[in-house]
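Here is a quick tour of a model you can follow with the structure open beside you. We'll begin with one residue, then widen the view.

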Amino acid sequence: MRRSKALAHFGLVLLSLWLCIQSVPISVDKTKEKHQEEELEPPQSAETGLHYDRYLREVIEYLEKDPHFKEKLKNANMDDIKKGKLSKELDFVHHHFRTKLDELKREEMNRLRMLIKAKHDIQGGNGLTVDHQALLKQFEHLNHVNPDTFEVEDLDRLIKSATKDLENFDKDRHDEFKRYEMMKEHERREHLKNMNEEDRKKEEQHYEELKKKHADHPKVNHPGSEDQLKEVWQEADGLDPEDFDPKTFFKMHDSNGDGFFDEAELEALFTKELEKVYNPENEEDDMFEMEEERLRMREHVMNEVDTNKDRLVSMSEFLVATKKQDFHDKDGWETLDQNSLYTEEELREYEKQLAKEEIDVSKRSDELKKKREELERQQEELNAQKFEIQQAVEKIEKLKAQNSKSEVKQTGSPLSQGEPAQVVPGNSQPLPLSHQQQDVPVPGHS
């Protein structure tokens, strides 16, 4: 729901700016114009869900502050925006804002470099082949050859990338929901396999009861039909359905007063219909399915009413739609439970993919386990070597200590402390102590 609202706010990226600017053209005397230094604050506009969302919103909000660009944007048409004619007006944006845009681009370049490095390290570390082309696609929304300044090419790339990505956003959500539903069914079937026959029958019966209970709901009016809008008029607005007026209805539900229904404003109109089918308190109702239902309703109305395909419904488009025969259609809306989202063959293929992924994960887990065991073995060897080295060092220290004690004992003997032994001429051997000349006192001498 959050992303859906984000898409509604941005439409085709810079078209959102076009719609936000409904004021009288501004006349500016640039000789007197003064700009105060502004801090880069978090953007206030809705999130888009794109990986470069913050960069996109900050660029838009700074361009919106420049009077010249703001005026050109107001008078531009959708084709001019898509073809890049608006991007050329960047050359006339005030230097103060251009400096801020340069700063934003440098920050985005740094963020992308860190992101690419992290992805490269993760893929390389897991033994996966690094898809460099896929990594480079992260830079498609800007000119990475010039990493320092925000130029016309950067704005042109940003518009084209965001336009393409937002147009594919709904398809990606549908694919994600389809995988979600297949995973639910796969897990349910796997759960049944682990049951005995009696429990399996009870579980199957309970499942069928929940399906039947979920399908038992009041009629859901066709989105955008007279009955559906009159129900909102009566229950949400508290007005008499006999007094229903399309123009008044449009103004009442154009919450931001810009003269258009964006995707979020359209989706808000379907709440009453969705409440007939989904209740968060009920076991049988899946709120993720409710958001998919809301998306389907919005897409249906856009396809029927949005004639210029700008992802917005103008008052004139809305009024034209209320005059068509389909507007008075009394047929109900077929909910998700009345439509098969996937075939048995698709489910089998999905389960094969899951099994393959499980095998790959198991294989990778075994490889990591072996690496861990090898590292533990190497650590044990290192610990053993460390222990042997410590023992050898202790033995050497012990021997040194013993040698030191031995030397002390030798240097401490009486022989080493007295006079040197006398030696007989012609004989290199010293005389025994008993034969060495001793001092004899001479009488008369002291």
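Methionine 252 counts as partly exposed, because its relative accessibility is 40%; buried means under 20% relative accessible area, exposed means over 50%, and partly exposed is in between (1.4 Å probe, protein chains only). Methionine 252 sits in helix α12 (residues 246-253). Helices here are DSSP runs of H or I with at least four residues, strands are E runs of at least two, and both are numbered from the N terminus.

Keep in mind that this is a predicted model, where local features need pLDDT of at least 70 and side-chain atom pairs count only at pLDDT 80 or more, while totals for chains, interfaces and linings use all residues. Residues are numbered from 1 along each chain as its sequence is written, and side-chain values use heavy atoms, with hydrogens and water left out.

**Around tryptophan 233**

What does methionine 252 touch, not counting residues up to four places away in sequence? Its partners are Trp233, Asp237 and Leu239, where contact means heavy atoms within 4.5 Å. Aspartate 243, in the loop between α11 (226-235) and α12, counts as exposed because its relative accessibility is 53%.

| Pair | Apart in sequence | C-alpha to C-alpha distance |
|---|---|---|
| Methionine 252 and tryptophan 233 | 19 residues | 9.6 Å |
| Aspartate 243 and tryptophan 233 | ten residues | 9.3 Å |

**The chain as a whole**

The protein chain has 18 helices and two strands. Of its 446 residues, 35% count as buried. If you take contacts between residues at least 6 apart in sequence, 70% of them join residues at least 24 apart.

In soluble globular proteins, nonpolar side chains tend to be buried together. The largest nonpolar core has 29 residues, and Val59, Leu63 and Leu101 have the most contacts inside it. A nonpolar core is a set of buried Ala, Val, Leu, Ile, Met, Phe, Trp, Tyr and Cys residues joined through side-chain atoms within 4.5 Å. At least two residues of this core come from each of α3 (53-65), α4 (67-75), α6 (95-125) and α8. A second, separate core has 27 residues, including Phe177, Val232, Met315 and Phe318.

Leaving aside neighbours within four places in sequence, valine 59 is in contact with Leu101, Leu104, Phe150 and Leu158. Leu158 is also one of the buried residues of α8, among them Asp154, Leu155 and Ile159.

Not counting residues up to four places away in sequence, lysine 105 touches Tyr55, Asn143, Asn146, Pro147, Thr149, Phe150 and Asp154.

**The largest pocket**

The largest pocket has a volume of about 910 Å³. Its lining has 27 residues, with Glu181, Lys184, Tyr207, Lys211 and Glu289 nearest the centre. On a 1 Å grid over the protein atoms alone, a pocket is an open set of points with protein on both sides within 12 Å along at least five of seven lines, and lining residues have an atom within 4 Å of a point. Helices α9 (169-193) and α10 (197-215) each supply at least two lining residues. The lining divides into eight nonpolar, four polar and 15 charged residues; Asp, Glu, Lys and Arg count as charged.

Conventions: On a 1 Å grid over the protein atoms alone, a cavity is a set of points where a 1.4 Å probe fits but cannot get out, and a pocket is an open set with protein on both sides within 12 Å along at least five of seven lines; lining residues have an atom within 4 Å of a point. Grid points are joined across faces, edges and corners, and a volume is the space filled by probe spheres set on the points.
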